[in-house]
Amino acid sequence: RGLDYPISSDSNFLAKFIDAAVRHFDEESIPVHDWEVGNEPNDTTTEPYSPDSIHPFTGWWRRPNRYYQQDSGLISLCTHYMRMAQVIDSVVKHTNHQAHAMDKVAIGSMHNVFWDLDKPDQGVVPGRTWLNTCYSIARDRRWGVFWDAVSVHDYQDALNYFAPESL
């Protein structure tokens, strides 16, 4: 919550959380220098929660989201995600953490990156579509490419349609 507030605001809860995480790892002498923004952010769902569902917890975020009153479309979700990435990047590299100035922040951590658009998985935005949208938002808002890497999940190779020779 509070992503629209400045990084230094006590109302930007993600900034406070990341700052506390960096301090904790430093105090415990745990050398964390690579940061990944979320896990499978392209996994969204419009299905209502049901413990009887085959995948009751599917969705990095549910649409509509009760915490963020926003449009539940792809551009809105990607804009929200990229703002999270900005907050994490700024807090880790630029806010009282001089030892982390060269840390790496990765966006993505997507699954179904090479998903066949003719065979969509309900609730999963194809990884290419998600990533292209994120890059477009960064360009259109003149944020530039502030992240250091893009991550994907390589377990997709176990599926036949992700075989390297088919890509």
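Reader: How do I read a salt bridge, and which side chain does Asp19 meet in one?

Author: The general idea first: side chains of opposite charge can pair when their charged atoms come close. In this predicted model, the side chain of Asp19 forms a salt bridge with that of Arg23, at 2.9 Å from N to O. The two sit four residues apart in helix H1, so about one helical turn separates them.

Reader: Are Asp19 and Arg23 buried or exposed, or in between?

Author: Asp19 counts as buried, because its relative accessibility is 19% and the cut-off for buried is under 20%. Arg23, at 36%, counts as partly exposed.

Reader: How many salt bridges does a search of the whole structure find?

Author: Four. Some of them share residues: Asp89, Lys93 and Asp148 are linked in a network. Lys93 meets Asp89 at 2.9 Å, N to O, and this pair is four residues apart in helix H2, so again about one helical turn lies between them. Both are buried, Lys93 at 12% relative accessibility and Asp89 at 7%. Lys93 also meets Asp148, at 2.5 Å from N to O. Asp148 lies in the loop between H3 and S5, so this pair ties together parts that are 55 residues apart in sequence.

Reader: H2 keeps coming up. How do I check the length of a helix like H2?

Author: Count 1.5 Å a residue: the 21 residues of H2 should span 30 Å, and its end C-alpha atoms are 29 Å apart, which agrees. Also, 16 of those 21 residues are buried, so H2 is largely enclosed by the rest of the structure.

Reader: And what should I look for in a nonpolar core?

Author: In soluble globular proteins, nonpolar side chains tend to be buried together. Here the largest nonpolar core has 29 residues, and Ile88 and Trp130 have the most contacts inside it. H2 gives the most to this core, with ten residues. Leaving aside neighbours within four places in sequence, Ile88 touches Leu14, Ile18, Trp35, Val37 and Val105.

Reader: Last one: how do I read the sheet, and in what order do its strands come?

Author: Strands of a sheet pair through backbone hydrogen bonds, either parallel or antiparallel. This open sheet has three strands in the order S1-S4-S5, with parallel pairing. S1 and S5 are the edge strands, each pairing on one side only. S4 and S5 pair over four bridges, and Ala106 stands opposite Ala149 in S5. Helix H2 packs on the sheet and touches S1 and S4, while helix H3 packs on it too, touching S4 and S5.

Technical notes: Residues numbered from 1 in each chain as written. Predicted model: local features only at pLDDT ≥ 70, side-chain atom pairs only at ≥ 80, totals over all residues. Heavy atoms only, no water. Pairing = 2+ DSSP bridges. Contact = heavy atoms within 4.5 Å. Axes fitted to C-alpha atoms, helices over the stretch in contact; angles between N-to-C directions. Core = buried A, V, L, I, M, F, W, Y, C linked by side-chain atoms within 4.5 Å. Buried < 20%, exposed > 50% of the residue type's maximum accessible area, 1.4 Å probe, protein only. Expected span 1.5 Å × (residues − 1).
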